[in-house]
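Hi there,

Here is the structure I promised to pass on to you. Have a look at it first, and then read on for what turned up in it.

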Amino acid sequence: METKPLSQGVQAHPHNVADGQPPTLRVGVVMRREPVSGPMARWQPWRWALADVQVLQAPPGIACTPWPAEWQTGAAVPLEPEAGAAPGVQHWGYAPLNVALHPQDAEGYLLNVTAPAPCFWVLWREPETDDGLAQPLIVTLSYHDAGRWLDAQERVDQVAAPVALVRWLADYAQRHHQPEPKRRARPASFRPLTDRFGQPARISTGTPRGAAGGGAG
């Protein structure tokens, strides 16, 4: 099988957003397959890992990686190994995957860009057979998306996002973020009463049992 070189240059692509449509990035995911050594290799010959997410199309000002059109089929494409890669290590490219931004998820983007290491998150699946290929399914920039996937026990890995993209994402998130309105504090008179053990307190308006009902006759 002929291998394709891993793209090295950068190229700007125009990005026009249709009216009423959220901005969408196009990316390529690079997965790394490396041989497993030692006793574990008897039942797991390969180990897969997320290697990179390359921006293929983005708003002006964000550098994009040229990815030949014939690669952009969604199928895995073998890439030439990087210089200095260990023997047996292989890289596979997958493109294109879309990353659509939604104004309703501005908080999720803000949580990403304000983290120590803003990133792409990739949800991907292990191959079903030893000679199969890993399959990246979804790429997101939303902290909320990644959290939901992890809660669902999905395989999710991350890779650093380019600085220029992070700046653009921060601007987008700040323009669309709508903080939740502060709720009015509940008056103390409406708070349930509890005893010293934290249990609901009983309130009685009747005469306490055993109380004197008048003078002794």
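This is a predicted model: local features need pLDDT of at least 70, side-chain atom pairs count only at pLDDT 80 or more; totals for chains, interfaces and linings use all residues.

**The whole protein**

The protein has 3 helices and 7 strands. Going from the N terminus, its elements follow the order β-β-β-β-α-β-β-α-β-α. There are 217 residues, and 33% of them count as buried. Among the contacts with a separation of 6 or more, 68% are between residues 24 or more positions apart. The accessible surface comes to about 14,400 Å², and carbon and sulfur atoms account for 52% of this surface.

**The four-stranded sheet**

In what order do the 4 strands of this open sheet stand? The order is E2-E1-E4-E3, with antiparallel pairing. E2 and strand E3 (77–79) are at the edges, and each has a single partner strand, so one side of each has no neighbour in the sheet. On average, neighbouring strands here are turned by 35° against each other, direction ignored.

You can follow the pairing from strand to strand:

- E1 and E2 are antiparallel and joined by 10 bridges; Glu34 has Arg47 in E2 as its bridge partner.
- E1 and E4 also run antiparallel, with 9 bridges between them; Met31 has Trp92 in E4 as its bridge partner.
- E3 and E4 pair in the antiparallel sense over 3 bridges, and Pro78 stands opposite Trp92 in E4.

As background, strands of a sheet pair through backbone hydrogen bonds, either parallel or antiparallel.

Ala76 belongs to the loop between E2 and E3. Is Ala76 buried or partly exposed? Ala76 counts as partly exposed, because its relative accessibility is 26%. Leaving aside neighbours within four places in sequence, Ala76 is in contact with Trp92, Gly93, Tyr94 and Leu133. The C-alpha atoms of Ala76 and His91 are separated by 9.7 Å, and these two residues are 15 residues apart along the chain.

**The three-stranded sheet**

The other sheet to look at is an open one of 3 strands, in the order E6-E5-E7, again with antiparallel pairing. E6 and strand E7 (156–160) stand at its edges with a single partner strand each, so one side of each is left without a neighbour in the sheet. Neighbouring strands in this sheet are turned by 30° against each other on average, direction ignored. E5 and E7 pair over 5 bridges in the antiparallel sense, and Trp121 stands opposite Gln158 in E7. H2 packs on this sheet and touches E5, E6 and E7, while its direction makes about 140° with that of E6.

**Back to the serine**

Ser142 is buried, because its relative accessible area is 0%. What does Ser142 do at the N-terminal end of H2? Ser142 caps that end, with a side-chain oxygen 3.2 Å from the backbone nitrogen of His144. A polar atom of the Ser142 side chain also lies 3.2 Å from the backbone nitrogen of Asp145. If we leave aside neighbours within four places in sequence, Ser142 is in contact with Asp105, Gly108, Tyr109 and Trp121. Just after H2, you will find Gln153 with a positive phi of about 65°.

**The nonpolar cores**

Which residues touch the most other members of the largest nonpolar core? In this core of 34 residues, they are Val29, Met31, Val53, Phe120, Val139, Leu141 and Leu165. Several elements give two or more residues to this core, including strand E1 (24–35), strand E2 (46–57) and helix H1 (106–113). H3 gives the most, with 7 residues. Not counting residues up to four places away in sequence, Leu141 touches a list of residues that includes Leu25, Val99, Tyr109, Phe120, Trp121 and Leu169. Apart from this core lies another one, of 7 residues, among them Val30, Trp71, Leu79 and Ala95.

Enjoy exploring the model!

Best wishes

Methods. Residues are numbered from 1 along each chain as its sequence is written. Side-chain values use heavy atoms; hydrogens and water are left out. Buried means under 20% relative accessible area, exposed over 50%, partly exposed in between (1.4 Å probe, protein chains only). A polar contact is a pair of N or O atoms within 3.5 Å; within protein, one must be able to donate a hydrogen and the other to accept it, and residues adjacent in sequence count only if both atoms are side-chain atoms. Contact means heavy atoms within 4.5 Å. A nonpolar core is a set of buried Ala, Val, Leu, Ile, Met, Phe, Trp, Tyr and Cys residues joined through side-chain atoms within 4.5 Å. Accessible areas come from the Shrake-Rupley method with a 1.4 Å probe; for residues, only the protein chains shown count as cover. Two strands pair if DSSP finds at least two bridges between them. Axes are lines fitted to C-alpha atoms, for helices over the stretch in contact, and angles run from 0 to 180 degrees between N-to-C directions.
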